[in-house]
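Subject: A structure for you to look at

Hi,

Here is the structure I promised to pass on. Please open it first, then read my notes below with the sequence alongside.

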Amino acid sequence: MTTTPTTTLPHWETTPDDLPGAIREVKQAIRGRIEASGRTVEEVFAVVEARIAERVAEIRGDVERGETVWPVIDYSDIENGTVSPEQLAKLRRRGCLVVRGHFPREQALGWDAGIVDYVERNAFFESYRGPGDDFFGSVGSKPEIYPIYWSPAQMEARQSDRMATVQSLLNAQWKHESDGVTWFDPDRDSLYPDRIRRRPPGADSNGLGTHADPGTLDLWMTQGYQQTFRHLFDGSVEQYDPWDAAHRTSGPQYPGTTMCSAFRTFQGWTALSDMAHDQGVLHTVPIPEAMAYLMLRPLLDDVADDDMCGVTTNQVFPASERWHPLLMEALSGIPDVQAGDSVWWHCDMIHSVAPVTDQQGWGNVMYIPAAPWCERNERYAGSVREAFLSGSSPSDFPEEHYERTWPDRFTVEQLNATGRRGLGLD
Ligand SMILES: [Fe+2]
């Protein structure tokens, strides 16, 4: 039996000045709280490890049988309400999804061509000043990541019925109401604006290492996240549910270049070219509850008292062979996708982009997540609205503002009801 500890953990609602000191203090307090339940940290971690090991074995089994690890659902089944219970169960177990035919292939290819026209008409490559941050590489003077947010193609996709339909299905996998609180509205998206990637044939890329995006030290140190992860920190780890949105959608995050102001149920992108599975594509560790492992691993006594397995502010949350070898065994890439397919992964999940040399074909995507309406997203929507109206880079991104003077960006008159609701205009 576990008892409910009554002490609150020390917490910092803004980045602590003394990070090592705060790490020591919060780790000691979390350890104490777990031990107050009558179990040791090692026992609690072993429960998590066993649960993850089962998932890893399932995934290895799928690979050995030649089955696709990633769930795949046809858009037509989502639209017609004919997604089977087995398909939904696999989506929840794996926490990731490929939606086949989310948009007609010709429409996606047309959007890709439209983006090229848009940036060329506006002499983007001539005025490009180099990457505004160092998240992604670039090839020569042409970027792979276009810091472009307001093209007709992106806005048409964001406000489309097809996007809303898929986002609703994804959001519905989450528990969005509890304790009399509606944590988010699963049927209203906040149109989180993000960039475009266009990686040309022949490209060499180092890819992106395994990491997670939900936050950094704030995940242990703010009161909101301490409540989100309450079952990890109080010895009742069996009750931890990665699909429970409680306390995730209001609290602060520590600022930094890696911060996402929005709450996303799923990160995602829509393919604007066909991409083969071995051409430097996205991989995930398709185990949503791996977050429990990531959060508890630093509490074991082989990690220094002032270390969170390398997690620190202003950098992405690293996942590594050194601290998380069990998780790395499950790293699984997407299957081949076509232009118009979309790819989604639970916001906590570890992911990476594989390296590629001499890439065959284009690797083009527009990043569009599921960011349902909630307190946090409503707050951010205010600045998104201003960025949209002035053609500016959204405040989560480097201040590059290429589109301010571009006459043909998407206009407020072109918004439909979904677009207006998403920007909080209605
Ligand atoms: Fe990421």
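Q154 sits in helix α7 (helices are DSSP runs of H or I with at least four residues, strands are runs of E with at least two, and both are numbered from the N terminus). Before going on: this is a predicted model, in which local features need pLDDT of at least 70 and side-chain atom pairs count only at pLDDT 80 or more, while totals for chains, interfaces and linings use all residues. Residues are numbered from 1 along each chain as its sequence is written, and side-chain values use heavy atoms, with hydrogens and water left out.

Back to Q154: its relative accessible area is 1%, so it is buried (buried means under 20% relative accessible area, exposed over 50%, partly exposed in between, with a 1.4 Å probe and protein chains only). Leaving out residues up to four places away in sequence, Q154 touches I148, Y149, D194, R195, I196, M366 and I368 (contact means heavy atoms within 4.5 Å). D194 is 40 residues from Q154 along the chain, and their C-alpha atoms are 9.0 Å apart. The side chain of Q154 also makes a polar contact of 2.7 Å with that of S151 (a pair of N or O atoms within 3.5 Å; within protein, one must be able to donate a hydrogen and the other to accept it, and residues adjacent in sequence count only if both atoms are side-chain atoms).

Another polar contact joins the side chains of S178 and W183, at 2.8 Å. S178 belongs to strand β6 (residues 177-178), and it counts as buried because its relative accessibility is 13%.

Next, have a look at helix α5. Which residues of α5 are buried? They are A108, W111, D112, I115, Y118 and V119. Just after the helix, A123 has a positive phi of about 50°.

What coordinates the iron ion? H211 (NE2), D213 (OD) and H351 (NE2) do, at 2.1 to 2.2 Å (donors are N, O and S atoms within 2.8 Å of the metal, or 3.2 Å for Na, K and Ca; water is not among the atoms, so sites may look incomplete). H211 in strand β10 (residues 208-212) and H351 in strand β16 (residues 351-353) are 140 residues apart, linking distant parts of the chain. Both H211 and H351 are buried.

Finally, the aromatic rings: the whole structure has 21 aromatic pairs (rings of Phe, Tyr and Trp, the last by its six-membered ring, pair if their centres lie within 6.5 Å; planes under 30 degrees apart count as stacked, over 60 as edge-to-face and the rest as tilted). One of them is the tilted pair of F124 and Y146, with 5.6 Å centre to centre and 50° between the planes. F124 lies in helix α6 and Y146 in strand β5, so this pair ties together parts 22 residues apart in sequence.

Happy exploring!
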